[in-house]
Amino acid sequence: MAIQPAKSGPRGGQGQLRIIGGQWRSRRVTFPEGPGLRPTPDRVRETLFNWLAPYVAGARVLDPFAGSGALYLEALSRGAAMGLALDSNAVAIASLRGNLDLLKCPVGQLLQADAVRYLENQPAQPFDLVFLDPPFHQNLLAPVCALLDSKGWLAEQAWIYTESETPPSSLQLPAGWHLHREKQAGQVYYALWSTGR
């Protein structure tokens, strides 16, 4: 998930996360701790990537609210062809850049950018897999999903993962998206959607 823009004050500490599968399995990487940061827990990532197992290798992956990079790095570890991660926080992007260098990953791209503004543009190529784990209580999912759908960000058969504070049935997502799987972990609802066009 994305980190909130940095506030003035002392620097936060460093957190650690473990990559679960793929070429970097069991590798640990660090990320900057900050307000609003919720790295997707190991067991949720494991469930998600079990759902996605047939679709990750060779996929073009987009993570507009990268934060710690947990989902982004997991997808790259499991054979995604390329990944683009966005975050509005410069510290988060710098940390992710360091992790890509550490892992010697040549196919990861990073941009410090506001997700909503960035997605108002059209991409050079569509993406097969999108991770949407925005900051909670900011009503970001619906507008971001609308932009993904209307601006050509999604491949003909794309998969979209969402994390939200409300059940998937309450999300206002594009009409052509189909709910594939859903679960709840504590106060967090997570779901996998398919465009199925």
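1. The second largest pocket of this predicted model holds about 240 Å³ of space. Its lining is made up of 16 residues, and those closest to the centre are Asn139, Leu141, Ala142, Thr166 and Leu171. Helix α5, residues 141–150, gives the largest share of that lining, with three residues. Sorted by class, the lining has eight nonpolar residues, seven polar ones and one charged residue.

2. Helix α5 also contains Ser150. Ser150 has a relative accessible area of 53%, so this residue counts as exposed, the cut-off being over 50%. Between the C-alpha atoms of Ser150 and Leu119 the distance is 9.8 Å, with 31 residues separating the two in sequence.

3. The largest nonpolar core comprises 35 residues; Leu48, Phe49, Leu52, Tyr72, Leu73, Phe131 and Tyr161 have the most contacts inside it. At least two residues of this core come from each of β2, α1 (42–51), α2 (70–77), α3 (90–102), β6 (127–132), β7 (154–164) and β9 (188–194). Helix α2 supplies the most, with six residues.

4. Leu52 is one of the residues with the most contacts inside the largest nonpolar core. Setting aside neighbours within four places in sequence, Leu52 is in contact with Leu129, Phe131, Trp159 and Leu192. Phe131 is itself among the core residues with the most contacts.

5. There is also a second, separate core, which has 25 residues. Leu62, Phe127, Val130 and Leu173 are included in this second core.

6. Strand β2 covers residues 28–32 and includes Phe31. The relative accessible area of Phe31 is 7%; because the limit for buried is under 20%, Phe31 is classed as buried. Phe31 and Gly69 lie 38 residues apart along the chain, and their C-alpha atoms are separated by 8.1 Å.

7. On cysteines: the structure has zero disulfides. Cys145 has a relative accessibility of 0% and therefore counts as buried. Cys105, at a relative accessible area of 11%, is under the 20% limit and so is buried too.

8. Leu141 and Ala142 are among the lining residues closest to the centre of the second largest pocket, and the helix that gives the largest share of the lining spans residues 141–150.

Terms used
Residues numbered from 1 in each chain as written. Predicted model: local features only at pLDDT ≥ 70, side-chain atom pairs only at ≥ 80, totals over all residues. Heavy atoms only, no water. Helix = DSSP H or I, 4+ residues; strand = E, 2+ residues; numbered from the N terminus. Buried < 20%, exposed > 50% of the residue type's maximum accessible area, 1.4 Å probe, protein only. 1 Å grid on protein atoms, 1.4 Å probe; cavity = no way out; pocket = protein on both sides within 12 Å on 5 of 7 lines; lining within 4 Å. Points joined across faces, edges and corners; volume = space filled by probe spheres on them. Nonpolar A, V, L, I, M, F, W, Y, C, P; charged D, E, K, R; others polar. Disulfide = S-S within 2.5 Å. Core = buried A, V, L, I, M, F, W, Y, C linked by side-chain atoms within 4.5 Å. Contact = heavy atoms within 4.5 Å.
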